[in-house]
Amino acid sequence: MDKHTKKRINYRAKGARNGIEILIVGAIGLVFIMAFNLLRSGTISIVEIFLVSACLGAIFVGFLKTQEPYYSLILSESAIEYRHKYGGWYLSHKNFHSCGVPKVEKGSEHLELNAVGLKLNDIDEFLMSITPRIAGKLLIEQRHFFMQVVQNHCKNGNCPSEWLVEDTQHRSARGISYNGLIAMFANRTKHLKLLTGYDLLLPASVLDTDIWAFSANLNKWKREPHQFIASQLKD
């Protein structure tokens, strides 16, 4: 391991684990069932059909897991890097303000979103660095989080139309214009910031640790990146 690699903390998504193992078990099971049927006479039973389907499903799930990046999040002294099979994003240390777990009020209760919210110093710097492909995927994958927040603020059914319709045009506070998927993503971040105080979301599924613990650690990283990275690697 070189010096550059030692200065990074890698987080692996829970959903990406055990892909090879699941694929191998499914393949072995399928081969065994097919060989068993070739060596005996008679027609295939319903149970065997079910087992074949289960093995094919395991192979498919295992294959999908192997297509995910090995590490979903990389934390270095200078930046946070998020990796997705359709791309990713990069957030510099100076552009990171703080983070926390967004909450949604439901009656007298406060329900937490199963995600970490990130607050940025300069949203334009971030928007100009992402690609339309990853912006589109995140819009789809994280829509249910956004709708949880929106539904709480629209209890009487009167939601502002801009919250529900993804506009393909956006002009930032600095006067920078965006269009297409980047504009849709920019509008989503704008509404999310208004409703929760955070610009971006990191779902719990992309982390291998508790969201509250990760949030606390990320705020420590903001204050003392070098010291935090060193302490985590020592542990």
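Hi everyone, let's start at valine 47, which is exposed at a relative accessible area of 56% (exposed means over 50%, buried under 20%, and partly exposed in between, with a 1.4 Å probe and protein chains only). This is a predicted model, where local features need pLDDT of at least 70 and side-chain atom pairs count only at pLDDT 80 or more, while totals for chains, interfaces and linings use all residues. Residues are numbered from 1 along each chain as its sequence is written, and side-chain values use heavy atoms, without hydrogens and water.

Valine 47 sits in helix α3, residues 46-66 (helices are DSSP runs of H or I with at least four residues, strands are E runs of at least two, numbered from the N terminus).

Now for a buried residue: aspartate 124 has 2% relative accessibility, and its place is in helix α4, residues 123-127. The C-alpha atoms of aspartate 124 and isoleucine 176 are 7.7 Å apart, though 52 residues separate them along the chain.

On to the inside. How many cavities of 30 Å³ or more are there? The count is one. By cavity I mean a set of points, on a 1 Å grid over the protein atoms alone, where a 1.4 Å probe fits but cannot get out; lining residues have an atom within 4 Å of a point. The largest cavity has a volume of about 140 Å³, a volume being the space filled by probe spheres set on the points, which are joined across faces, edges and corners.

Its lining includes Trp89, Phe146 and Asp199. Helix α8 (180-196) gives the most, with four residues.

Thanks, everyone!

Key:
1 Å grid on protein atoms, 1.4 Å probe; cavity = no way out; pocket = protein on both sides within 12 Å on 5 of 7 lines; lining within 4 Å.
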